[in-house]
Amino acid sequence: MRDISMERVNKTREKILEIIESPVLTHEQKLTNLANQADSLMEVLELPEGLDELLNTGIDKQCICDLCEGHAPVRPRYIAPDYAKFMNEGCGFLQLSAPADLYEALNSLLIFYKHVPSVTNYPVYVGQLDELLEPFIDTVDEAQAKKLLRMFMIHIDRTVLDSFSHANIGPKATKAGRLLLEVETELEHAVPNLTMKYEEGVTDDAFALKAIECALHSAKPSFANHAMFKSELTEKYVIASCYNGLPLGGGAYTLCRLILGNIAKRAKNIQDFKERELPYVLDIMARYMDARVRFEVEESGFFENHFLVKEGFVARDRFTAMFGLVGLAECVNILMEKEGKEGRFGHSEAANDLGVEIMNIIDQFNSSHEAPYCEVTGGHYLLHAQVGLAEDEHVTPGTRIPIGEEPKELIDHLKVLNRFHKYFPSGTGDIFPIDLTVHKNPEFVLDIIKGAFRQDLRYLSFYSSDSDVIRVTGYLVKRSEMEKLDSGLAVLQNTTGLGLGASKNGHILERKIR
């Protein structure tokens with residue numbers, strides 16, 4: 001452990017006092033922030049030379065971001081337990097037997113969630129709920145089952161206090177899945193996030209349309225291309241956090257991101273970017289991630305001591321890590337301007353082609369880098385189109401087209417996206433607010449999903465233009481809660497603050513309505 005300066009200690013103490021005195025943080029939010037400040041005093045990782053100037057600088061110059069994971073990671077960032085094993089066998093550590101009916105199944109899951117850690121301190125994956133609950137759904141009558149599911153989802157919304165928590169349903173229709181969609185349509189909650197694994201020919205239209213009805217009311221579920229994900233990650237995958245494809249029974253050690261627009265600012269021209277600046281930053285971020293992974297596996301003690309590992313709900317060799325990026329649009333536009341070329345990302349064939357060239361360089365680098373302890377993904381990290389931070393300004397999530405610059409026609413928008421979704425097994429996605437008239441014709445959205453997935457788009461999200469619940473970048477918030485926070489009132493969920501920042505800096509409320 002390396003020493004740090006007293007100046008840094010005292011600055012941290014000032015931040016701690018600000019947190020303690022904050023009028024808008026709940027007690028639980030204060031505890032989380034205080035823990036992060038304690039972690040910030042640590043220096044234990046073997047950091048690559050050159051990292052400091054790329055990481056520890058202002059957002060307008062920062063080229064690498066570690067997404068607030070801390071200086072001494074105590075657990076993997078994202079954990080995706082095998083909840084089916086828990087439902088079948090119970091848990092010795094929690095002194096829970098396998099449930100016998102719907103009452104016990106829901107109670108057991110709620111207890112288990114309290115003990116699943118993550119970077120947010122809440123479970124980022126709460127299970128394939130329809131499959132988990134289907135064996136128990138007929139242990140009570142349908143009215144009682146729906147009432148119990150309603151109470152279960154309210155409990156999650158009030159105790160799992162951020163919408164990075166994510167549930168899955170599909171691809172096959174189930175009674176439990178249908179009832180869950182009915183409940184979520186009525187509740188219009190931001191937590192948990194929800195994805196339907198959709199596969200044409202497997203997911204029947206009636207089930208998909210019920211999910212679309214729910215999405216138009218509550219901005220969820222989103223729709224994942226099940227055939228695409230399972231071809232890359234096998235059937236044993238989950239969608240967690242924002243839209244992250246991860247191995248079931250494992251997860252992700254870490255997620256760092258490249259801020260591509262700022263890397264482009266460092267370059268003289270396109271050639272300099274492709275041959276010198278981008279490879280330089282790629283190498284440093286990969287070695288920084290290597291150091292984080294090694295500390296978690298070799299020093300943190302998580303994989304030796306946590307009951308999730310000891311009882312087989314997760315396994316060390318089911319973990320990988322996520323090599324993230326944002327700002328491809330800004331990167332392309334900056335480089336085009338430096339070359340004196342016309343055309344912007346999303347609208348110019350030359351600009352889009354440059355985006356593909358950049359992605360190929362990143363993909364080839366990642367495929368050749370030998371990542372430690374990532375056996376489940378062939379000894380390599382997974383590329384991830386990261387969704388952004390509240391403080392991001394002029395930084396477009398992943399490979400999206402910037403808000404305000406969306407193509408006029410949806411089909412043209414989708415044709416750009418299908419050039420980029422293929423690169424990201426651990427997640428990418430695009431968001432479309434839908435005009436109110438679609439409530440009368442949800443088949444319109446289903447046709448979009450079918451057509452897009454046939455063209456290898458990976459993940460799509462929709463919400464009604466008048467919905468209180470909206471999708472920010474990958475997570476959900478309520479407009480009404482953002483308004484409360486903006487007026488100086490405390491709110492229950494941590495992600496509301498992130499959404500408020502994104503509404504001001506990222507203009508998320510100004511997306512083109514389809």
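Glu-337 sits at 55% relative accessibility, so it counts as exposed (over 50% relative accessible area; under 20% is buried, and in between is partly exposed, using a 1.4 Å probe and protein chains only). Keep in mind that this is a predicted model: local features need pLDDT of at least 70, side-chain atom pairs count only at pLDDT 80 or more, and totals for chains, interfaces and linings use all residues. Residues are numbered from 1 along each chain as its sequence is written, and side-chain values use heavy atoms, with hydrogens and water left out.

**Salt bridges**

- Searching the whole structure turns up 34 salt bridges, each one a side-chain nitrogen of Lys or Arg within 4 Å of a carboxyl oxygen of Asp or Glu.
- Glu-337 pairs up with Arg-344, with their closest N and O atoms 3.9 Å apart. Arg-344 is at 36% relative accessibility, so it counts as partly exposed.
- Another pair is Lys-220 and Glu-184, whose side chains meet at 2.6 Å, N to O. Lys-220 is in the loop between helix H9 (205-218) and strand S6 (222-225), while Glu-184 is in helix H8 (residues 175-187), so this bridge ties together parts 36 residues apart in sequence. Helices (H or I, at least four residues) and strands (E, at least two) are DSSP runs, numbered from the N terminus.
- Both Lys-220 and Glu-184 are buried.
- Glu-349 and Arg-419 also make a salt bridge, at 3.4 Å from N to O. Since Glu-349 lies in helix H16 (residues 349-368) and Arg-419 in the loop between helix H17 (410-417) and strand S12 (430-434), the pair links parts that are 70 residues apart in sequence.
- Glu-349 is exposed, with a relative accessible area of 54%, whereas Arg-419 is partly exposed at 24%.
- Some bridges share partners: one network joins Asp-138, Glu-142, Lys-146, Arg-150, Lys-175, Arg-178, Glu-182, Glu-186 and Lys-210.

**A buried lysine without a salt bridge**

- Lys-30 belongs to helix H2 (residues 27-39).
- Lys-30 is buried but has no salt bridge, and the nearest side chain of opposite charge, Glu-21, is 9.0 Å away. For charges, Lys and Arg count as positive and Asp and Glu as negative, while His and the chain ends are not counted.
- What Lys-30 does have is a side chain that reaches the backbone oxygen of Ser-22 at 3.3 Å.
- Setting aside neighbours within four places in sequence, Lys-30 is in contact (heavy atoms within 4.5 Å) with Ile-19, Ile-20, Ser-22 and Leu-25.

**Empty space**

- Rolling a probe the size of a water molecule over the atoms shows where empty space is left.
- On a 1 Å grid over the protein atoms alone, a cavity is a set of points where a 1.4 Å probe fits but cannot get out, and a pocket is an open set with protein on both sides within 12 Å along at least five of seven lines; lining residues have an atom within 4 Å of a point. Grid points are joined across faces, edges and corners, and a volume is the space filled by probe spheres set on the points.
- The second largest pocket has a volume of about 630 Å³. Its lining has 40 residues, with Thr-396, Pro-397, Pro-402, Ile-403 and Gly-506 nearest the centre.
- Helix H15 (328-338), S12 and helix H20 (495-505) each give two or more residues to that lining.
- The largest cavity holds about 30 Å³ of space, and its lining includes Glu-184 and Leu-194.

How values were computed. A polar contact is a pair of N or O atoms within 3.5 Å; within protein, one must be able to donate a hydrogen and the other to accept it, and residues adjacent in sequence count only if both atoms are side-chain atoms.
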